[in-house]
Amino acid sequence: MKGVVRSFLRYLVRRKSLSILQLLGIAFGVAAVVGMTLASRSALQGLGNAVDFLRGGATHTLERPAGPMEERVLASLMADPAVKHFAPVIDRKVRLEGWEQVRFLGVDPFLDRDVRSITARIGSSGKDNVREEAFSSFLFDPRAVLVDENLARNMRLSPGSTLQTSQGPFRVVHVFPNPSGEPLVIIDIGHAQELFRMKGYIDRADLVVTDEEAFRGRWATGFRLESGRQHALTLSALLGAFKLNLQALSLFALFVGVFLIYNTAMFAVVSRRRDAGVLLSIGASRGQIAAAFLIEVLILGAAGGVLGGVLGFLLSGFLVKIVGNTISTLYFFLRPEALPWSFWNLAGGVLLGTAASIIGSMPSLIELRRIQPVLVLRGRTASRGASKRARAIAVSGAFCLAAAAGLFSLSFLHVYVGFAGAFAFLLGSSLFAGFIIILCTPAAKYIFSRVMGLSGKIAVGNIRENLGRTSVAVAAFMIALSMSIGLGSMIDSFRSSLLWWMDSQLRGDLYISTKGDVNVPEELYEELKGIRGIGGIDVFRSVPMTFRGRPASITSIDASVLQRYDRFGWFEGGGENWEAVKRGSVVISESFSRRFNVKKGDVVTIEGADGPVGLHVTGIYYDYASEHGVVMMDRSTYLGLFRDRTINSLGIFIDESGADHARIIEEVKQRARSYNLPFATREEFHKRILHIFDSTFAVTRSMRILAVIVAFFGMAGALMTLFVERRKEFGIFRALGFTTGDVARMTVAESLGMGLISFFMSTVVGTVFAVILIKVINLQSFNWTIFYHFSAGPYAVTALTALAASLAAAAYPVWSVLRKYPVMQIREE
Amino acid sequence: MGPVMIRTYDLWKQYEDEGHDGMALRGINLEIKKGQIVTLFGKSGSGKTTLLNLIAGLDVPTKGRVEIDGRDIEALGEAGRTLLRRNKLGFVFQFFNLLPTLTALENIMLSLELAGMNDKRPALEALEHVGLAGKEGRFPHELSGGEQQRVAIARALVKKPPVILADEPTGNLDSATGTQILDLLVKRCRDNEATLIMVSHALNTCEYADRVLRMIDGRIVEERSCEDLAR
């Protein structure tokens, strides 16, 4: 057995360059999964840290279903026997000068120390008199704030520094430690009430509750009570679809990696076939041969896994930033730190590498066990039946595609079923590679012989004659290119759907503040109403809610303004819906409808300030603002339900009939400036949304690149194998008078030929894959419809990628040709 | 001569994808005694290698059976046939078929290891017997054709199997080297009292044989002498 194993393993050393290519292919496949998993885990851990830090020792939070809560509620809380401690909080955002938005927390320094330790430590690093001074400043100076160490470091702040914000300057009196990573500014709650014009109101109360059941019974109506666990679950649920898509993306990269391993294993079998025949004839058993092969594959898988584990760890440092930015842009602030190095990165990498190797090498292992020594010792008989086999494999590919279609029809059960269908589709398509090569050969021969002469013609013949090797490389490359086209087309379609949505729903001439920015004072709204020439002002308010235990949101708008100026894309119903909305009905987003299976005509029950209220659904509209679903109502309905007069933003619509457009816009801007409010024209607002959209797909782009890198190693490996396996043929070429240049050209032509066929296949497979992503995966993950939009960009980018990867993959084999061809002879051994 | 070592009964072999009717063997009945040296002549495609493969249990007959040392090899099953090749058969090929990743010594050791022997000494002796002492660390590509075939012979003989099957052992060598190889192979077989079946095209092989067989279109004809064969 030792000798058999040794004879196989020595190939790894003997064909170093090939082994390295194969190793790198596996490593990159594993790195994609390890990197993405670590980035996801970092994000979750970061989320946990942030939630824990801000929650402190609080067990629950109490707030109104929407908008601020009256301060007088605190008196009732104080009297409640189940409440051990309570701390009022104002939780807002301010924009720092030249920086991003930060959380601005108003707390009561006396009550808050029972829940959090931040205010208890004010001035703790200084002497007693400094400490007292800092504390009294915090208490009495309306501009005194505490800042966290991360923010202080980034903005070079220390006690005594000035913090410039959209709400004016603040004086830093203390810097406190913050393990969550989220930039945080703390102010006394009384000053916060003045600052945010919230006299008599707070945003929520953080509580330490001893008897939850009794407390819940007393505070069931008109309030939202959430435990720490529920809060973490809600935030985690917000990330659900996002996380799922990250995992799916990394799995797609591993899928290409498994192909590569299959590729590797197939090459190994091809080169070991004759040895296996010899070994069988001298008395080795099939089991021994299979075991030796498996050991070889496992060593390669384990080594690739170790390298992949390390690369994945390095990659996670890069991905965690992108993931953090995306989550911060789309959901809530999160700045996760990359997880520290752990032995488990290696263990996980090895596990993935070996598992993928076993799966990827299984068909080859079966083939090796079935080897007929008589046939293999006769010579290269494998290609004789290759055409027949390619056809048989294509038939099994057709079955795979049928299975994929079946899975798609069942994808309503769970998004995982959709993913399984997508994998089955890619697998099924890849099984057509050999058959397509046979079909393409005549045309490719014609083209290549025209362009590259005899070398090109022979190269195409080589691709055709070595189907066992070339078809797997083409399949792996094609899958990577298809992913590139599919993801690219999906993103482009999504982008054009978003453009359509913005053009139909965000038609205001100017927007003052936007969702997530600081709120708009009602006085400004009243002022603006008086400006002549303004046709309408949409008063926008969005609040999160929990519907049937899952996160969603409520949006209030001015229905008559939108009816007049916007052109909503209706999923069900039309412009007439606004009449019902004005009378108290609601419209819901498509994602809300799909997620909660709510239809037009249904009644949705929402927790209002005075208890549950049933609202009639009059229509469903297309929406890309939130995948969790939106219930949209007129502001009058909202005010009646929640008594919350907060305004998040205003949409200004200028009356076009003879109005001096530029002057009015300038006047509105002037008024907004006087309130320190940001504003954006329609174009600027759309641009900002598109920027957010583009940054959201940064992870997707990284995975596209990684998949192409993985496939590149597959191509390079295939070419190297062809070179190594056909030394005898090269000897014949030399004898026939082919120059080194001719053979180098032949190698380039082989690479280009495989690249061309892969690209040709990927245009079809990638387009279908895009449709699958749009119609099945996205719909199931995010519950919104994306309209397929053809765009040439992804095809052009992929064609260039295929060309570059093909040429790069040929580089090393060509170098080998240049070095070795001049001394090659016709030899059997 | 001793007892019968190899016996075939009405042996037929038909290949599905071969030319004409695909019939490679047509009812071969053969008895070869222990220690006998047999040469098997015939044109390309006459069925020589097919017969050798069936005797080695590497291929399955369409009809008929093969007995080695009195045991029906089909009845042995796959595992039994593997053990038969491991312990009782030695193979020498036209293209040497050494494992390219193993050194000369390791190629020979492989044969011993498979037979459950891990002692290096017999392998080194075998190398010495074939005139390659000092070249044990060389890989096949570092040896000449003749040297590679010597290693192959050492590999086949090192475990002292009662049967050696040689498929055109000199077919890929020049005539001088071929003669040396034949001398060596036959001598080693005689020393070990091994039965040798040697498929060949070269007429000089005949001189080494106790029996000369000729294959014509899947049938076997016994020749009385080398002169008859030449005619």
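**Where the chains touch**

Mentor: In this predicted model, 26 residues of chain B are in contact with 19 residues of chain A. Contact here means that the C-beta atoms of two residues, placed from the backbone, lie within 7 Å.

Trainee: Which elements give two or more residues to the side of chain B that touches chain A?

Mentor: Those are helix H2 (77-87) and helix H3 (104-114) of chain B. H3(B) gives the most, with six residues. Helices (H or I, at least four residues) and strands (E, at least two) are DSSP runs, numbered from the N terminus.

Trainee: And how do the residues on that side of chain B divide?

Mentor: Into 13 nonpolar, eight polar and five charged. Ala, Val, Leu, Ile, Met, Phe, Trp, Tyr, Cys and Pro count as nonpolar, Asp, Glu, Lys and Arg as charged, and the others, Gly among them, as polar.

Trainee: New topic: where is A:Arg548 found?

Mentor: In the loop between strand S13 (534-547) and strand S14 (550-557) of chain A.

Trainee: Is A:Arg548 buried or exposed?

Mentor: A:Arg548 counts as exposed because it has 11 C-beta neighbours inside 10 Å. The cut-offs are 20 or more other C-beta atoms within 10 Å for buried, 12 or fewer for exposed, and partly exposed in between, with C-beta atoms placed from the backbone.

Trainee: What about phi of A:Asn783?

Mentor: Near 60°, also positive in a residue other than glycine. A:Asn783 is in the loop between helix H26 (740-782) and helix H27 (793-820) of chain A, and is buried, with 21 other C-beta atoms within 10 Å.

Trainee: How does the numbering work?

Mentor: Residues are numbered from 1 along each chain as its sequence is written, while chains are lettered from A and ligands numbered from 1 in the order in which they are written. As for the predicted model, local features need pLDDT of at least 70, side-chain atom pairs count only at pLDDT 80 or more, and totals for chains, interfaces and linings use all residues.
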